Structure formats: structure tokens, C-alpha cells
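Subject: Structure handover

Hello,

Here is the structure I promised to pass on. Please open it and read the notes below alongside it.

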Amino acid sequence: MADNGLRIPLTRTPGSSSFMKASFNGTNSFLGIGFLTIPYALSSGGWLSLVLFFSIAAMTFYTGLLIVRCMEVDPSISSYFDIAERAFGMKGRMIVMFMMNAEMYLIAIGFLILEGDNLQKLFPEFMIKLGELTLDGKQSFVIITGLLLSPSMLLTDLSMLSYISATGVFSCLVIVVSIFCVGAFDGVGFHAEGSVLLNVDTLPTAVGLYIVSFGGHPVIPSIYMSMRDSCQISKVLVFSFVLATLNYMTIAILGYLMYGDGVESEITLNLPTSKVSGRVAIYTTLLIPVTRYSLVVAPIATAIEGGLSEKYKNQKPVRLLIRVALLISTVIVAYVFPYYESLMAIVGSVFVVSASFLLPCLCYLKISDLNWNWNCEQMGVVGIIVFGIFAGVLGTYSSISELIT
């Protein structure tokens, strides 16, 4: 790789995260912004689309392992950007840096929009008046969320962030239990009209949302570097993907059985606020941005820090200033563009497909310098690339069509 100020010594310094802390960070990164949209994805694709759901889960788990293999080739690799440079030179690094940062940045914006939607559902009459300026409920809550998130920007150590991540994982479990209680005890039931086996017309939407659900790959190198024993990273990925997949599957099936084709893009928007279980689920949802935002913006902040001179890159005030600036900018964008579905379509079709399917495979093939004999592994990697290209093109076309119409 070319020499530059972003390199680290050829021997890695062990991090401070234990296996369990790394597992919570991993699970939290994959139980992300797609958690509440997965019932809507199932309603868009039908029951048979669960086959694609499990296939996508398996493929993204494997590409996560490919990222780890790339890091193990060269001890100087410490980030996704280093992997791209090792494979395709500085141009590859710049392209991947832009795409990864754009993906994580949009996901962070999505967290703020999600918070605004759910707070507005709980308090539909809320607004803020500042002289002649009046902010409606959703816009007000986006700004309030930004203020509440500011303390989490003070944490720059993933070992410390693991405690927040653990809260995020348990909050997802609480949401699943609360939604079950809404269906079982609050009169909604599990026999909604409109359930179908396969809905071909909206299947691309389902696939796109399934892909978004497993879009945490840019965080994997950070988790790997944070571990005391990086040899356990494969077990961390198994733990994270299994727990995330079980949570996704459970909430998807519950939501579809309860509301059928009437399920909203965020399942919490269907829940009755007059019932205790519904309010518990919505209130718990409000923890999602708080528990994930810092983890999502960490790779962006690290990339910015890497471009600074040695004089500034390790200074804590500078690191904090970078994170606060990222928070303020995402709040502004979420305030101006509060369209959750459109944002998720863009993230899934363009950025997550690239980060979770195409780039891990292409970088692995380049770095490992395999002798092509078309064995099962090589055919599997090529198959993931083909699927990623097809899903990305189809999803992008579908997203643009929906925005135009």
C-alpha cells in the first residue's frame, strides 16, 4: 500500500473490548434501522420472501467473514478503507471512503427521522414556537433528539460504547415482546387480512429492506480492532447475526400476522397508543437512536481523524469537535428531508448493496490472489456479486419509480 499518514504499525495493539462487549456492538450494528421496517418488508414480499430473507442473512454473514479475512492478510489494515486500498490502491480507498461514509451518514439521519416519527405519534399536538417561527411536532422532535444525543458524542471508545449497545439490543427484545402483547392481549390478534404467499410486484421493495437490515459491515473493522482477542471475531459475527436474524424474523412474522397488508413502513406507527403494550413498544423505540447513533458515526469520525495531521488526530477536543459537527449536520438534513421510506430505499439500493455484498467479495478476491479453479468458495463469492448487482440495479430502478409516481 502507498505510504500516507493513515498507516499504523505493522503489529496491532490489542483493544480493550471483551468477547461479550464486541458481540453487543456487533448485534447492535446489525439490529439497526431496518428493525422496525421488517414487517413492512414481509408484507411487500409475502411469506415466500422469507427464503430471500434468510439467503440475504447468510450472504451478509459470509461477506462479514470475508472482511475479517482481508484484515488478517496485512496487520497494517485497520479499517474498511485500508482494505479497499490494499485491494485497489488509493483510488479504491477514496471511492470506498465516500460510499461507506455516505451510507453511515444517511443511516444516522434515518435514526433521527425515526425518532421524530414515533415522538409525533405519541404527542401529535406538540410544536415549538419561537417568535414568528413555528416548528411542527416532527421537526421539533428531530432537534430535541439531536440535543439528547449530544452526551453520547463524548464517548469515543468502542469498549465504553458497548454498554450503550447492550441497552440497544435489550430494547429490541422489549419491542418484540411488547408487539406480541399487543396482538395477544389488546384485541389486535394474529389473523389479519391480506396475507399472501408471494407478491411479485413489490418483491424488489422487500428485498431492498431485507438488505438494509443487514447493512452494518462498515462497523466490523472497528469492532475487530477494539477486541482484546481478535481471534474470536468469527464467534462474535456468529453471535451477532444469529441474534439479529432471530429478532428480525420474530418481529416480521408478528407484525404481518397482526396487520397484514395494512402494516406501516414502521411497525410502531400501527400500534395503539391507548394500550400499555403499544406505548411501551413506542417508548422503547425511542432508545434506538440513542443506543446506535454513536456506533454508526464512529467510522465516519475515524475517517475524518485519519486525514488530520499527527498534531491534531489524537487530541480529544478535536475528536469531540468532529463528532459534534457530524451530529449537527445530520440534524439539519433530517429536519429538511424527513422522508423515511425514500431514505431507506436509497441506502439499501446503492450503499448497503455495495458495502455488504460487492466490496467485501471484490476486495477478498483481489487481496487473496486466488488461483481460479472454480471451487465452491469461488463460485459462492461470484454468486454473491451477481446477486448484489441484480438487487442493486432492480432496487434502484424500483426506488426511482416510486419517487416519480
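First, a term: buried means under 20% relative accessible area, exposed means over 50%, and partly exposed lies in between, with a 1.4 Å probe and protein chains only. The model is predicted, so local features need pLDDT of at least 70, side-chain atom pairs count only at pLDDT 80 or more, and totals for chains, interfaces and linings use all residues. Residues are numbered from 1 along each chain as its sequence is written, and side-chain values use heavy atoms, with hydrogens and water left out.

Histidine 217
Histidine 217 has a relative accessible area of 0%, so this residue is buried. Its place is the loop between helix H7 (203-213) and helix H8 (220-226). Helices here are DSSP runs of H or I, at least four residues, numbered from the N terminus. The histidine 217 side chain reaches the backbone oxygen of threonine 60 at 2.8 Å. Contact means heavy atoms within 4.5 Å. Beyond neighbours within four places in sequence, the contacts of histidine 217 include Phe30, Tyr80, Phe241 and Ser356.

Methionine 258
Helix H9 (residues 233-259) holds methionine 258. Its relative accessibility is 4%, so methionine 258 counts as buried. Its C-alpha atom is 6.4 Å from that of valine 188, 70 residues apart along the chain. Leaving out residues up to four places away in sequence, methionine 258 touches Ile179, Val182, Gly183, Val188, Gly189, Phe190 and Ala192.

Glycine 92
Glycine 92 sits in helix H4 (residues 80-122). It is buried, at 9% relative accessibility. Glycine 92 and cysteine 363 are 271 residues apart along the chain, and 9.6 Å separates their C-alpha atoms.

Best wishes

Notes:
Helix = DSSP H or I, 4+ residues; strand = E, 2+ residues; numbered from the N terminus. Polar contact = N/O pair within 3.5 Å; in protein donor to acceptor, adjacent residues only side chain to side chain.
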